[in-house]
Amino acid sequence: MAHEVKGVIASAQGQPVSLTTVIVPDPGPGEALVTVQACGVCHTDLHYREGGIGADFPYLLGHEAAGVVEAVGPDVTGLAPGDFVILNWRAVCGQCRACLRGRPWYCFATHNARQKMTLADGTVLSPALGIGAFASKTLVAAGQCTKVDSRIKPEVAGLLGCGVMAGLGAALNTAGVSRGDTVAVIGCGGVGDAAILGATLAGARAVIAVDVDDRKLELARQFGATDTVNSRAADPVDAIRALTEGNGADVVIEAVGRPETYKQAFYARDLAGTVVLVGVPTPQMQLELPLLDVFGRGGALKSSWYGDCLPTRDFPMLVDLHLQGRLPLEKFVSETIAIDGVEEAFAKMQRGEVLRSVVVL
């Protein structure tokens, strides 16, 4: 049986999204049908709308989601109807070279549902990050469902499905921030603020927030930033060095995804320090650095994929920390909106008015 629901579609590059009828199949082998309860409006969805990720239009947008399993297909184990889950876009395969080497967070063969969701006329949809959760129901691979404690609010839980996990993981997993480190975060949107929170949880002695918007810098202090730098008013490299005894930060996390801010991150770190790129660049962007500087400064230049998280390990742990009052995920939710408010949420995001708008279904 197929399910007829309303979903938010990006039909062409740069065009406003629309709310239309989506046909969602019953789950087949290895698949799960999920009733979506909440889904964050992430910048990645805007990238899809703008054609910055691919050209497989039309896209069914939405991926930062939580909900309840409605049905599972044959051969699915460890997941049952009624389970409260956070959806993830890196369902590890367990068989690729990364998984077999004990590094499943680098899985090279993550999988999605085999069946396709479609428009009413049969047009095949491309679900954003293999999820497509701006709809009341979605079809995913069972491995994309991570069961967590149902006491957490869906609009908070869903944020761990992408942006907040990306930022927390960039600090905790990729950078490996440790007690006493100095950390700078360039870009204080949802991902950057999550990185600030992660660095604070790890025991960093100084966390420097860098942005061009004083409103965002003030919010960054709520997540643990000890110092702020408006890079329109001051050179961020000089400012970070001044705040770290002239040395530069031990870890610099770039949460913008632009060549110019990446260069700032590169030169703002201490010798043998670490740069982590978690901001998502567009395909046409190019980076140029003197190779001698790359060699001479030492350290590590890393990219953080999904915060190098393992959903089955990290999601339940972070939910527990939230329920204990130790991880203030609710601070990331700027507003809750109806499913027909996604286009306006994109506009608010671009104007820097929100950390996260969350669709509640």
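Me: Which residue stands opposite I9 in β4?
Reply: This is a predicted model, where local features need pLDDT of at least 70, side-chain atom pairs count only at pLDDT 80 or more, and totals for chains, interfaces and linings use all residues. Residues are numbered from 1 along each chain as its sequence is written, and side-chain values use heavy atoms, with hydrogens and water left out. Strand β1 (residues 2–10) pairs with strand β4 (residues 59–60) in the antiparallel sense, over two bridges; strands are DSSP runs of E, at least two residues, and helices are runs of H or I, at least four residues, numbered from the N terminus. Two strands pair if DSSP finds at least two bridges between them, and opposite I9 stands L60.

Me: Which strands stand at the edges of the open sheet?
Reply: The sheet has five strands, with mixed pairing, in the order β7-β2-β1-β4-β8. An edge strand here has a single partner strand, so one side is left without a neighbour in the sheet. The two at the edges are β7 (118–119) and β8 (126–127).

Me: What is the bridge partner of A66 in β6?
Reply: Strand β5 (residues 64–72) pairs with strand β3 (residues 31–40) in the antiparallel sense over eight bridges. There, V36 stands opposite G67. β5 also runs antiparallel to strand β6 (residues 84–87), with three bridges. In β6, the partner of A66 is I86.

Me: How many residues of helix α4 are buried?
Reply: Buried means under 20% relative accessible area, exposed over 50%, and partly exposed in between, with a 1.4 Å probe and protein chains only. Helix α4 covers residues 163–174, and its buried residues include G163, M165, L168 and T174. After the helix comes G176, with a positive phi near 60°. The buried count in α4 is 10 of 12.

Me: Which elements do the buried residues of α11 pack against?
Reply: Helix α11 spans residues 342–350, and its buried residues are V342, A345, F346, A347, K348 and M349. Just after the helix, G352 takes a positive phi of about 75°. Packing rests on contact, which means heavy atoms within 4.5 Å. The partners are β1, α1 (43–49), β17 (333–337) and β18 (356–360).

Me: Is I339 buried or exposed?
Reply: I339 is found in the loop between β17 and α11. Leaving aside neighbours within four places in sequence, I339 is in contact with K6, V8, L19, F134, A135, V359 and L361. Its relative accessibility is 18%, so I339 counts as buried.

Me: What separates the C-alpha atoms of I339 and G7?
Reply: Along the chain, the two residues are 332 residues apart. Among contacts in the protein between residues at least 6 apart in sequence, 69% join residues at least 24 apart. The C-alpha atoms of I339 and G7 are separated by 7.9 Å.

Me: What percentage of the residues in the protein are buried?
Reply: The C-alpha trace spans about 65 × 40 × 40 Å along its principal axes. The protein has 361 residues. Of these, the buried share is 55%.
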